[in-house]
Amino acid sequence: MSIPKDARHLFRFAILFVIAFVVFLVIRHFVVPKTFGEYGHYRGAAITEIAARPMHFAGHQKCETCHVDIGEAKKAGKHENVSCEACHGPLAQHADDPSIQPTKINTTEVCIRCHADSAAKPGVFPQIDPVQHSGGVPCETCHQPHNGL
Amino acid sequence: MNIDRRHLLVMLPAAAIAWKYVLAGTPEESPNYTMTDHWWSMLINIPKCIGCGNCVRACAAENDVPDGHFRTWVERYHVTDWNLSNPEVVSPDGGKEGFPAVPKSVGGDEGFSSSPESAGKYFFVPKLCNHCEDSPCTQVCPVGATFIAPDGVVLVDQTYCLGCAYCVQACPYGCRYIHPEKKVADKCTLCYHRITKGLTTACCEACPTGTRQLVDLKDPNDPIHTFLKTHSVQVLKPQMATGAKVFYNEMDGSVR
């Protein structure tokens, strides 16, 4: 079969079109991330990257594997459901390497964060006026923070 | 085998559909955590909140949130009997250092009365990303850098984000900000790096009163199912039809 004389320019155009399409596919291959579209219109690998971020709070379950006695003591009192790091701060570093010693918390400061008097707080929550109540004497002089007495 | 054009045209769409199912069945890489087994959200029990700011501090520590920006924050509402629909809302530094005490004896307001009974009511509303099912923020992203993960958490791919801040404008809850150093959108990830390892979020871990509870709606043993049946629970701005998933127990009508 011979190509009609007048159709040659169409073939040249078609070849150009195919080349442009191949170039587009090659560029697209390098520009679009590998996992894009894995779950939707986004980079699927981003999910695992976000899940791999470092932790700062160890979680009370981890604390209680070593500090069993404190965990038991807490069960006796009102602070049963207050997790360790709510008062002690983030201590994942200490949990990973116990030689890193956390600094002792200042009870006077930490206790009143929750227990300072305010009309804005729910009435059932135990509150005190820090000045009238103790006059600056550290809370743990009379109270046991771990069993909330 | 002889395939003519008619048969080929019939078979091609069928093959395409079949190939789609083959791809969908590809197992996920992480063996311990299956995204499709979870649908994460959070329950906020407003009557329990004391406004201590533990959650805000914990969130900042866990996620390196820059000062002056918040992935979660606490608002204090003051609703007076005279102006029920116009609450006074304060959130000093997002409630990070707690709230100034309201004296129990005075509590007067604008000279109306000085008795605490008529001074109106106070309550705290912790806020965070609502991880909406039909989130406006993910819909406006021009590059596909923010998305709803298959487990219902709205995330930002910070390596892909341009920092155009369309999503910051789109969020009706004001839950997004542009990170001042990274220049990309940042927001609550529902501590995705913790919940995928079986832990709770930093804010829930640090909450001393149990106001915040991480919820997995796909877990049949999650106490949320009983809770939702037996309590009056709302979401923020339901009229926006965002499918917000942060549930507020006993929320006052004045909360916006």
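Ser232(B) and Asn249(B) are 17 residues apart in sequence, yet their C-alpha atoms are 6.0 Å apart in space. With a relative accessible area of 48%, Ser232(B) is partly exposed; on this scale buried means under 20% relative accessible area, exposed over 50%, and partly exposed in between (1.4 Å probe, protein chains only).

The model is predicted, so local features need pLDDT of at least 70 and side-chain atom pairs count only at pLDDT 80 or more, while totals for chains, interfaces and linings use all residues. Residues are numbered from 1 along each chain as its sequence is written, chains are lettered from A and ligands numbered from 1 in the order in which they are written, and side-chain values use heavy atoms, with hydrogens and water left out.

The meeting of the two chains comes next. In the interface, 35 residues of chain A are in contact with 47 residues of chain B. The size of an interface is often given as the accessible area lost when the parts come together. Here chain A and chain B bury about 3300 Å² between them, 62% of it on carbon and sulfur atoms; buried area is the accessible area (1.4 Å probe) that two parts lose on being put together, summed over both. Between the chains, 12 residue pairs are in polar contact, both residues being at pLDDT 80 or more. A polar contact is a pair of N or O atoms within 3.5 Å; within protein, one must be able to donate a hydrogen and the other to accept it, and residues adjacent in sequence count only if both atoms are side-chain atoms. On the side of chain A that touches chain B, at least two residues come from each of helix H2 (45–51), helix H3 (60–66), helix H5 (84–88) and helix H7 (107–115) of chain A. H2(A) gives the largest share of that side, 5 residues.

One salt bridge crosses the interface of chain A and chain B, the term standing for a side-chain nitrogen of Lys or Arg within 4 Å of a carboxyl oxygen of Asp or Glu. Its partners are Arg43(A) and Asp157(B), with the closest N and O atoms 2.7 Å apart. Salt bridges also link Arg43(A), Glu49(A) and Asp157(B) into a network.

Ser118(A) lies in the loop between H7 and helix H8 (130–134) of chain A. Ser118(A) is buried, at a relative accessible area of 6%. Leaving out residues up to four places away in sequence, Ser118(A) touches Gln127(A) as well as Pro100(B), Ala101(B), Val102(B) and Lys104(B).

In chain B, helix H2 (residues 54–63) is mostly covered, with 9 of its 10 residues buried. The buried residues of H2(B) pack against H5 and H7 of chain A, together with strand E2 (72–80), helix H5 (192–195), helix H6 (202–206) and strand E9 (212–216) of chain B. Asp64(B) follows H2(B) and has a positive phi, near 50 degrees.

Over all chains, the count comes to 10 salt bridges. In chain A, Lys62(A) and Asp96(A) meet in one of them (3.2 Å, N to O). This pair links distant parts of the chain, as Lys62(A) is in helix H3 and Asp96(A) in helix H6 (residues 92–96) of chain A, 34 residues apart. Lys62(A) is partly exposed at 40% relative accessibility, and Asp96(A) is exposed at 58%.

In chain B, a salt bridge joins Lys127(B) to Glu75(B), with the closest N and O atoms 3.0 Å apart. Lys127(B) lies in strand E4 (residues 121–128) and Glu75(B) in strand E2 of chain B, so the pair ties together parts that are 52 residues apart in sequence. Lys127(B) is buried at 7% relative accessibility, and Glu75(B) is buried at 12%. Asp252(B) forms a salt bridge with Lys121(B), the closest N and O atoms being 2.5 Å apart. The side chain of Asp252(B) also makes a polar contact with that of Ser254(B) (2.6 Å), and Ser254(B) is buried, with a relative accessible area of 2%.

Terms used:
Contact = heavy atoms within 4.5 Å. Helix = DSSP H or I, 4+ residues; strand = E, 2+ residues; numbered from the N terminus.
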